[in-house]
Amino acid sequence: MDTSTLKTIAYQLMQGNKGLLAMDESTATCNKRFQELGIPQTEEYRRKYRDLIVNAPGLEEYISGAILFDETIKQSTADGTLFIDILKHKGIIPGIKVDEGAIPMAGFPGEKITEGLDGLGDRLKNYYKMGARFAKWRAVITIGADIPSPTCIKANAYTLARYAMFCQEAGLVPIVEPEVVMDGDHSLQKCAEVTTEVIHALFNALYQHRVDLEGIILKPNMILPGENSPEKPGLDEVAEATIKCFLKTVPASVPGIAFLSGGQQAALASERLNRMHTRFGDVMPWVLTFSFSRAIQQPALELWKGNDDNIVAAQRALVHRAACNSAAKMGVYSADMETGPQ
Ligand code: 13P
């Protein structure tokens, strides 16, 4: 295992004003988002959409790495250039989602466990040969009446750690994503308690599996109330709860934390990341950035609607959101960015 290369990749992913673009929606998730907008759910339309993204002019000014899906890493532009080659040419490091989705956890109603460890070592070797230099695995933790159970938290932490060790052996930086989802009506305080427990369990498992913490990226949720909760916390409350949780649970040796957006409204996700930097920028030992899918892509997808005439407008919207999140990472985002020329 070449730990110094892993550290260099992690460092490059977290550098300067940049963050990650998650464009690794599974076929089912991508089709669901297409269906909502009346876009044909075919491989060709998924290809066209990803073509628009990787070719968006200026994306590389704000994005250091892009997470692809198995279908996408093998696809090409209309003129036959592999997407992965376009990304590399732009200086964007290609990554790959390698989990095979979260399924109901047998014996634990309402809870999920992520699959994909079988054959993972060989799959990672292939992705490395194709040019991927980092990977992603998402665990799903749901808050409900009597959940999450300690068993679900432990099982997902153990699986994330096994995945992470496979990645490091194959020369890929693992993004470890234990997502406490926003579904439900729980309070911000409850989200803080569960996320704290989940991240503690995760780092315990990573340690036990001999994962080099300097060669991983953590991809967590922000601390927020459930989407059906009446609570409407302010920016300071979210920033404080989130950073306090990570200061308690994430070792300083971890190079970076890159948030998922989890269904937050796009501009609000930028505002919250920005507030974390303006309030706590000087006490954080790790880089704090974004690894958004919906909070970067959704406005662009809504403009594109599957129509070639809308490609330029969609690309502008995509790069605009990347620019807003980049500004948030630097603590210089302001709401004016949403109304100025885009
Ligand atoms: P969202 O930003 O849409 O939550 O997606 C991030 C992601 O990669 C989920 O696995």
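The model is predicted, so local features need pLDDT of at least 70 and side-chain atom pairs count only at pLDDT 80 or more, while totals for chains, interfaces and linings use all residues. Residues are numbered from 1 along each chain as its sequence is written, and side-chain values use heavy atoms, with hydrogens and water left out.

Overall layout, then. The protein has 13 helices and 10 strands; these are DSSP runs, H or I of at least four residues for helices and E of at least two for strands, numbered from the N terminus. With a radius of gyration of 19 Å, close to the 20 Å that the globule rule gives for 342 residues, the protein is as compact as a globular protein of that length. That radius is taken over C-alpha atoms, and the rule is 2.2 Å times the number of residues to the power 0.38. The C-alpha trace spans about 50 × 45 × 40 Å along its principal axes.

Of the 342 residues, 57% are buried. Buried means under 20% relative accessible area, exposed means over 50%, and partly exposed is in between, with a 1.4 Å probe and protein chains only. Contact here means heavy atoms within 4.5 Å. Among contacts between residues at least 6 apart in sequence, 78% join residues at least 24 apart.

Now the interior. In soluble globular proteins, nonpolar side chains tend to be buried together. A nonpolar core is a set of buried Ala, Val, Leu, Ile, Met, Phe, Trp, Tyr and Cys residues joined through side-chain atoms within 4.5 Å. The largest such core here has 102 residues, and Leu59, Tyr163 and Leu206 touch the most other members. Helix 8, residues 188–208, gives the most to this core, namely 11 residues. Another core, of 14 residues, lies apart from it, and its members include Ile9, Met14, Phe134 and Val173.

Which residues does Leu206 touch, not counting those up to four places away in sequence? They are Ala161, Ala164, Val176, Val211, Leu213 and Ile216.

Tyr207 is also in helix 8. Is Tyr207 buried or exposed? Its relative accessibility is 67%, so Tyr207 counts as exposed.

Next, the loop between helix 8 and strand 8 (217–218), where Arg210 has its place. Arg210 is not a glycine, yet its phi is positive, about 65 degrees. Its relative accessible area is 72%, and Arg210 is therefore exposed.

On to helix 11, residues 294–304, where Ala295, Ile296, Gln297, Ala300, Leu301 and Trp304 are buried. An α-helix has 3.6 residues a turn, so residues three or four places apart point the same way. Just after helix 11 comes Lys305, with a positive phi of about 55 degrees. Lys305 is in the loop between helix 11 and helix 12 (311–329). Lys305 counts as partly exposed because its relative accessibility is 49%.

One more backbone item. Where is Pro148 placed? Pro148 is in the loop between strand 6 (134–141) and helix 7 (150–170). The peptide bond that leads from Ile147 to Pro148 is cis, and its omega is near 10 degrees.
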